Amino acid sequence: MTGAQTASRALSAVGKGWRYALGAKPDPSKVAAGATGVESDCSGFAVWAAGRLQTGRIAPPSFAPIAAPRVGAIVWRAPAPGQKYGHVGIVIATFADGQFDTVDASSTPGAGRGGAIRVIRRARAHWQREPGRWGFDW
């Protein structure tokens, strides 16, 4: 799947009533782009957007941080000290100034009621909260 296809697939879930559920991993062979009412966590959503099925935990320390994202790349943030989980999303647009837009599945308020998939515009600060603990892959 190309980066543009991954970004398009991720965007197809925005506003479709997806609910955040830790541990939920949609199967891309059963959940089509544009599907409604799906349950997913952030990594399950990102891997689904790439057309893959997540079968284990994503391990951010194994990713090699790079400075410039590309459309369709996964962006990740390692767990903060004392936390068990980090966060991942999909890059959907990049800009000459180094900024980028992302789509992710979030556990923010409303996520359990069908508002889990969100677009974050000019998202570098959101992902780069802890220098050295974030990056891109794929």
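Strand E3 (residues 74–77) and strand E7 (residues 134–137) run antiparallel and are joined by four bridges; strands are DSSP runs of type E with at least two residues, numbered from the N terminus, and two strands pair if DSSP finds at least two bridges between them. The model is predicted: local features need pLDDT of at least 70, side-chain atom pairs count only at pLDDT 80 or more, and totals for chains, interfaces and linings use all residues. Residues are numbered from 1 along each chain as its sequence is written, and side-chain values use heavy atoms, leaving out hydrogens and water.

**Sheet**
- The open sheet has five strands in the order E6-E5-E4-E3-E7, with antiparallel pairing.
- Its edge strands are E6 (117–120) and E7, each of which pairs on one side only.
- From one strand to the next, the twist averages 30° (axes are lines fitted to C-alpha atoms, for helices over the stretch in contact, and angles run from 0 to 180 degrees between N-to-C directions).

**Strand E3**
- E3 also pairs with E4 (residues 87–94), antiparallel, over four bridges.
- Val-75 stands opposite Gly-89 in E4 and opposite Phe-136 in E7.
- Ile-74 has Ile-90 of E4 as its bridge partner.
- Ile-74 and Trp-76 on one side, and Val-75 and Arg-77 on the other, are all buried (under 20% relative accessible area, 1.4 Å probe, protein chains only; exposed is over 50%, partly exposed in between).

**Charges over rings**
- Arg-9 lies over the face of Trp-48, 4.2 Å from the ring centre (criterion: NZ of Lys or CZ of Arg within 6 Å of the ring centre and within 35 degrees of the ring normal).
- Arg-122 lies over the face of Phe-95, at 4.8 Å from the ring centre.
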